[in-house]
Amino acid sequence: MNAPIPHDSARLTLMLNELRLPTIGRLWPEFAQRADKEGWQATRLLGALLEHELAERAKRRIERHRTESRLDPTKTLATFDFSMVPMVSKAHVMALATGDAWLEKGANVLVFGPPGGGKSHLGSAIGHSLIDAGYRVLFTRTSELVQKLQAARQSLQLPATLAKLDRFDLIILDDLSYARKDQAETSVLFELIAERYERRSLLITANQPFSGWENVFPDPGMTIAAIDRLVHHSTIFEMNVESYRRRTATDKQSSRRQSSSDNDSHDDNDEGGGATTMTP
Ligand code: ADP
Ligand code: MG
């Protein structure tokens, strides 16, 4: 047997830094010691170190994607109570949450319902799962993105800005119904929709279904063209439930004073919670 080749561990550390292999840099002394003691084959040692580096790298990438997504970290599938929205198929949501086919063909998800029903939460939850599955997601209020795109248009950067957004497999446009106002603003929204059509997915939440969208786009022709592209390949969830906050507040109240449930149930502005529609 040859004597072991002496290694300069400081030099190893330098080389691993240079190669940007921090996990191997951290693990190799312990692994090398074990390998020597237990008589591992060299390939086993090398393989184990590389596997760890790759696993850490994947983890860091997902962390970066989560940060860039601007998703609320608390709005996940784990914290979403499906029993509150019986018209939404959990199995269908779970299937969407894995990504794959629908993201690959640039299909969309549209979530409608009155305020407080859980649209943003559901959209975020799907976003988090897609990030876990390795996809890139951006969550943004529609009005914010519209402003950003309009600024880009003014400085003649719209195509470049749209191209940059292409890195996201999914853009969640939260609260489409609030994006409106002047023509220039809203036509950038149309340009985003047209640009991503059949290539990159959108998930849109809106308080009003299509009938209320004539306020969102500058003219009826553009409204129809936008809706046409959005629904062509899409899943639509209609969450016609009463506000979650109001319901949970009501539940607490009624469990405190059990006999007065008739006082709680006729809320002003009740949108008829419980209507069940879901168009695949
Ligand atoms: P919307 O976007 O439809 O106005 P949100 O998603 O913002 O409603 O929901 C309002 C609040 O109620 C949020 O804090 C959300 O986390 C919570 N919420 C709504 N629906 C559910 C649900 N099914 N399970 C758990 N929390 C919910
Ligand atoms: Mg919302």
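## Around ligand 1

Helix α6 provides the largest share of the shell around ligand 1, with three residues. (Helices here are DSSP runs of H or I with at least four residues, strands are E runs of at least two, and both are numbered from the N terminus.) This is a predicted model, where local features need pLDDT of at least 70, side-chain atom pairs count only at pLDDT 80 or more, and totals for chains, interfaces and linings use all residues. Residues are numbered from 1 along each chain as its sequence is written, chains are lettered from A and ligands numbered from 1 in the order in which they are written, and side-chain values use heavy atoms, with hydrogens and water left out.

How many residues surround ligand 1? There are 15, and the closest are Asp81, Gly116, Lys119, Ser120 and His121. To be counted as near, a residue needs a heavy atom within 4 Å of the molecule. Sorted by type, the shell has five nonpolar, six polar and four charged residues. (Ala, Val, Leu, Ile, Met, Phe, Trp, Tyr, Cys and Pro count as nonpolar, Asp, Glu, Lys and Arg as charged, and the others, Gly among them, as polar.)

## Who touches the ligand

Now for the polar contacts, which here are pairs of N or O atoms within 3.5 Å. An oxygen atom of ligand 1 lies 2.7 Å from a polar backbone atom of Gly116, and for Gly118 the distance from a ligand oxygen to a polar backbone atom is 3.1 Å. Lys119 uses its side chain instead: an N or O atom there is 2.7 Å from an oxygen of ligand 1.

On its own, ligand 1 would expose 560 Å², and the protein buries 85% of that (areas by the Shrake-Rupley method with a 1.4 Å probe).

## The pocket it sits in

Ligand 1 sits in the second largest pocket, meaning that more than half of its atoms lie within 2 Å of the pocket's grid points. On a 1 Å grid over the protein atoms alone, a pocket is an open set of points with protein on both sides within 12 Å along at least five of seven lines, while a cavity is a set where a 1.4 Å probe fits but cannot get out; lining residues have an atom within 4 Å of a point.

This pocket's volume is about 520 Å³, volume being the space filled by probe spheres set on the points, which are joined across faces, edges and corners. Of its 24 lining residues, Gly116, Gly118, Lys119, Ser120 and His121 are closest to the centre. The largest share of the lining, four residues, comes from α6.

Note on methods
A polar contact is a pair of N or O atoms within 3.5 Å; within protein, one must be able to donate a hydrogen and the other to accept it, and residues adjacent in sequence count only if both atoms are side-chain atoms.
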